[in-house]
Amino acid sequence: MHLLDWAVIIAYIAWLVSDGIKRTKLDRTPESYFLANRSMPWWAVGLSVMATQLSAVTLVGTTGQGYTDGLRFVQFYYGLPLAMVILCATLVPFFYRAKVYTAYEYLERRFDLKTRAFTSFLFLLSRGMSCGAIAAAPAVVLSVILGWSVTMTTLLILVPAVIYTMLGGVQAVTWTDVKTMSLTILVLVVAMVFLVMGLPSGVGVDDALAIAGGTGRLQAFDFDFTLTETYTFWSGMLGGLFLMLSYFGCDQSQVQRYLTAKSVDDGRTSLLMSAYWKIPLQVLVLLVGVFTFLFYLFNQPPLLFNPIHDERVRASAAAPAYVELQAEFQDAFQARRRAAVDIASARNTGDVREQARATDAFNGHDAALRGVRTRAAALVKQTTGDASYNDVNYVFPTWIVTALPIGIVGLWIAAIITAATDSIAAELNSLSTASVIDFYKRLAQPEATDEHYLLVSKVTTGFWGIFAGVVAVYASSLGSLIEVVNRFGSFFYGSILGVFMLAILTRRATGTGAFVGLIAGMIAVAAVAFGRPDISFLWHNVIGAAVVFTVGLTLSSFLQEIKRVGDN
Amino acid sequence: MSEESARNWTLTYVTVILVEIVALLALWWLQNQFKV
């Protein structure tokens, strides 16, 4: 990377950290540190909610998904707007009226201490681990792209997050989120412009979309009702609905964002910003991936997008076979390129049959090219012993550093780093809040001064930062552990939602019923996850919530009946 | 919550759902417009 790109990255991160701290107006109380004295404007909170959800994985992994699968992934978000409406009408006013710091605090008021402590503990466990995974995924990709060690790139992501979250609390987190969201949208639009400009003359945007459509990359709806397919209309609408209800309604990392808003109406408005903009934003990210695919139809892509693996195979005994594959890849690329140009020509002449023929020919050449890449990946697996090799996360970063001009590259890398930094900062902030409010203040030191709690909050933020760093470095060395950690969260996401459903939707539910229901829900999800691993994780949320609600309500009714009989 | 405020929020929620339906229709159009 050019020196100017490094200057852009360093300057942006430095500005982000210093301005975040400068804008912080702390008055030495936990309410100021954790909830900004409930004074943040709705638009800043709304952008913060979106930035917390949009991590570096979105910029690197989702563009990669767009490259390989097209728009299919957008179905994951189809349940989000409805989830936001339900939350605005139900949980959000409950949280504001109860004047809570954490979502779990509300559960003690409605049920009992053990339900609050257990759900908060589950949050700390899953978010503490996923915080490391959020850092690890981009750290691994950046280490390959920048040529740094994973430990160094992990520190590059984590250290700014820990500094401004420790010093500025939720206010610094929110204001940096605002900048990051703005930068993210800017770089996505810039990428789209450069990708469109990268199309050869004679191939218009509509021609490019026709080619993408011919490969199935514009398919945004799959109406098959199958539990084993992760991204379908139904899994997005139902499984996604439950996941989003749980994530935005019961996960402290999101609840804390909108609890900082000035009023319940501002909190609602900030959440609805995601309802309006999440799907269009996600389509933009995926379209950037689709256009990266189109870019590499007309511009020679590398056989392997991960340069480290490329070097290792070249230096191994498999080098001669690899060189042969490269020649084959070159021929397949040229044949596919010609077929792509034929599609555009057929469209320009308006010959529908010729267009269909050219599309068939294109798909044949595309399959041949993918076959060469599969054989190259097999060589990597054989050479490195990495059975899960997949270079999809390196596609878009490779395009960034090879196709964009100096300065813009720096801006994009800064966007990836700070997208990770901001998501982690929100996690650290919420982990610290749950640790201090739900455990330290509630169980260990209920009567300490505000200064004391503030100090403990900062120390706790630092502790979770170190914890995330250790998990990140460890997770990155194990590769597939990142996925395990992400799936780990889905074990109890739906179950926690079930507890909140019991709290709000029924008067009959008791603390013991909710607690036992929660455990039953987690066991049910674990049984499905291990017994039927082919069932998509999105359905785990529906199963968990349904089991908790049913078991919790039944047990509560049963216990109340016993008590009533006993009293009589 | 006052009656007027409740009515306004109901209207907002309906708008959110309508906007989503429009977004999905746009995606449906994109999917089918360029299907070969």
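A residue is called buried if 20 or more other C-beta atoms lie within 10 Å of its own, exposed if 12 or fewer do, and partly exposed in between, with C-beta atoms placed from the backbone. The model shown in these views is predicted, so that local features need pLDDT of at least 70 and side-chain atom pairs count only at pLDDT 80 or more, while totals for chains, interfaces and linings use all residues. Residues are numbered from 1 along each chain as its sequence is written, and chains are lettered from A and ligands numbered from 1 in the order in which they are written.

View 1. Helices (H or I, at least four residues) and strands (E, at least two) are DSSP runs, numbered from the N terminus. With 17 C-beta neighbours inside 10 Å, A:Asn37 counts as partly exposed. Most residues other than glycine have a negative phi.

View 2. The axes of α9 (residues 150-197) and α18 (residues 408-444), both of chain A, come within 6 Å and cross at roughly 135 degrees; axes are lines fitted to C-alpha atoms, for helices over the stretch in contact, and angles run from 0 to 180 degrees between N-to-C directions. The contact of α9(A) with α18(A) contains 23 nonpolar, 8 polar and 2 charged residues, with Ala, Val, Leu, Ile, Met, Phe, Trp, Tyr, Cys and Pro taken as nonpolar, Asp, Glu, Lys and Arg as charged, and the others, Gly among them, as polar. The crossing of α9(A) and α18(A) is left-handed, a term used if the near helix is turned anticlockwise from the far one by less than a right angle, with right-handed used if clockwise.

**View 3. Helices α21 and α22 of chain A form a right-handed crossing****.** The axes of α21 (residues 511-531) and α22 (residues 538-567) of chain A come within 7 Å and cross at roughly 145 degrees. Among the residues that make the contact are A:Gly513, A:Gly517 and A:Gly521 of α21(A), together with A:Gly544, A:Val548 and A:Leu555 of α22(A); two residues are in contact if their C-beta atoms, placed from the backbone, lie within 7 Å. By class, this contact of α21(A) with α22(A) has 15 nonpolar, 8 polar and no charged residues.

**View 4. Chain B, with its 1 helix, touches chain A****.** Chain B has 1 helix and 0 strands, and its C-alpha trace spans about 55 × 10 × 5 Å along its principal axes. Of the 36 residues of chain B, 8% count as buried. The contact takes 23 residues from chain A and 14 residues from chain B. On the side of chain A that touches chain B, α5 (80-89), α10 (205-214), α13 (264-298) and α16 (352-384) each supply at least two residues, and α13(A) gives the most, with 6 residues. The residues of this side of chain A divide into 18 nonpolar, 5 polar and no charged.

**View 5. A:Met84 is one of the residues with the most contacts inside the largest nonpolar core****.** A nonpolar core is a set of buried Ala, Val, Leu, Ile, Met, Phe, Trp, Tyr and Cys residues joined through C-beta atoms within 7 Å. The largest such core has 196 residues, and those with the most contacts inside it are A:Met84, A:Ala135, A:Leu271, A:Ile416 and A:Ile424. Helix α9(A) contributes the largest share of this core, 18 residues. Not counting residues up to four places away in sequence, A:Met84 touches A:Phe248, A:Leu271, A:Leu272, A:Ser274, A:Ala275 and B:Val16.

**View 6. A:Gln282 is a buried residue of helix α13 of chain A****.** A:Gln282 has 21 other C-beta atoms within 10 Å and is therefore buried. Residues up to four places away in sequence aside, A:Gln282 touches A:Val74 and A:Tyr77.
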